[in-house]
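Keep the 3D view open as you read.

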Amino acid sequence: MHRSAPRLTRILACAAVPVMLVVAGCSSDSDSKKKSGSSSASAPSAQKTEATVEPAKFANLPDPCDAVSARTITSLVPKAKSNAGTPARSSDTTARAGCSWNGLDDNGVKGSQYRWLDVGFTRFESDQALGSGAKRAQEDLANQVAKSKATEGAKKVVEAPVSGIGDQATTITYDLTKTKEDFKYATVVARTGNVVVTLTYNGAGYAGAKTPSGDDILKGAEKAAKEAVAKVAEVADDGKKSSPSAGTSKSPTATKSAASAKSGSSPKATQSARSPKSTKSAASTS
């Protein structure tokens, strides 16, 4: 009896080992599932919604030689070589276009007045990678202003913001000596939506004539720039009016019916009248 007791104890101890191992295994397995479940639930979503850029406001550019009125051209460029203007070369006039006018008003012994006016348009599309057309136009406006200020030989350079011309505008004025004459320059760089308008007006007095006033040159540039900026919206509005969705669309069926009604016969009747059978009969009777 005493000998069998230790043996029984050993048997019970051995039998208990697998049970403990199973319990430990189950508990560790359930813990790992809990951990993995909680970590996956708390993990942020890898997918992020990409913001869509604002669509471009204007899809076309005006004819640059029509951007400034004939009356303004006559006023600012007396005796212009061509009131119709000289278009600038462009491989894509829907993205970049320009026009210029120049003339010499010869007053004989009183000297001559020379004037030059040019206008340029640059349009930017909205791009998911590069940004909206308006944002890209803002960047180009800053570049054009810097370029104008950096004109070689320019003196007394003055930059100033101006209101009432597009969404934003800046004027740059300076003096420049060329062909041994003193020129007064004024450049207006304006943005309307996704389009940048750059207009330059300059003048000089030749053969002893008085140099034009800087204020007059600036006023003339601003006047022409307002017209050019307004032309961008005007062309866009004209495009909307002439689009099929703007007016009453005529379906092919309606057009056919209208044509039939005008001729006084239906399409079917016309077809049967011209059928091979009736043509044969007509041929045989003759």
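What follows covers aromatic rings, then the pocket, then charged pairs.

This is a predicted model, in which local features need pLDDT of at least 70, side-chain atom pairs count only at pLDDT 80 or more, and totals for chains, interfaces and linings use all residues. Numbering starts from 1 along each chain as its sequence is written, and side-chain values use heavy atoms, with hydrogens and water left out.

Start with the rings. A pair of aromatic rings is described by the distance of the centres and the angle of the planes. Rings of Phe, Tyr and Trp (its six-membered ring) pair if their centres lie within 6.5 Å; planes under 30 degrees apart count as stacked, over 60 as edge-to-face, and the rest as tilted. This rule gives five aromatic pairs. One of them joins Tyr114 and Tyr206, edge-to-face, with 6.3 Å centre to centre and 80° between the planes. Tyr114 sits in strand β3 (residues 112-123) and Tyr206 in strand β7 (residues 195-206), so the pair ties together parts 92 residues apart in sequence. Strands here are DSSP runs (E, at least two residues), as are helices (H or I, at least four), numbered from the N terminus. Tyr206 is partly exposed, at a relative accessible area of 22%. On this scale, buried means under 20% relative accessible area, exposed over 50%, and partly exposed in between (1.4 Å probe, protein chains only).

Now look at Tyr174 and Tyr185. Their ring centres are 5.0 Å apart and their planes are at 10°, so the pair is stacked. Tyr174 belongs to strand β5 (residues 168-178) and Tyr185 to strand β6 (residues 181-192), so this pair ties together parts 11 residues apart in sequence. Tyr174 and Tyr185 are buried. One aromatic cluster takes in Tyr114, Tyr174, Phe183, Tyr185 and Tyr206. Lys178 lies over the face of Phe183, at 4.8 Å from the ring centre. The test for such a charge is NZ of Lys or CZ of Arg within 6 Å of the ring centre and within 35 degrees of the ring normal.

Next, the pocket. Where does the largest share of the lining of the largest pocket come from? Strand β3 supplies it, with six residues. The largest pocket is lined by 25 residues; Asp118, Gln144, Lys147, Thr198 and Thr200 lie nearest its centre. A pocket is an open set of points on a 1 Å grid over the protein atoms alone, where a 1.4 Å probe fits, with protein on both sides within 12 Å along at least five of seven lines; lining residues have an atom within 4 Å of a point.

Side chains of opposite charge can pair when their charged atoms come close. A salt bridge needs a side-chain nitrogen of Lys or Arg within 4 Å of a carboxyl oxygen of Asp or Glu. The whole structure has eight salt bridges. One of them joins Glu125 and Arg123 (3.0 Å, N to O). Glu125 is partly exposed at 43% relative accessibility, whereas Arg123 is buried at 9%. Asp167 and Arg191 also meet in a salt bridge (3.7 Å, N to O). Asp175 bridges to Lys184, with the closest N and O atoms 3.1 Å apart. Salt bridges that share partners join Lys156, Asp175 and Lys184 into one network.
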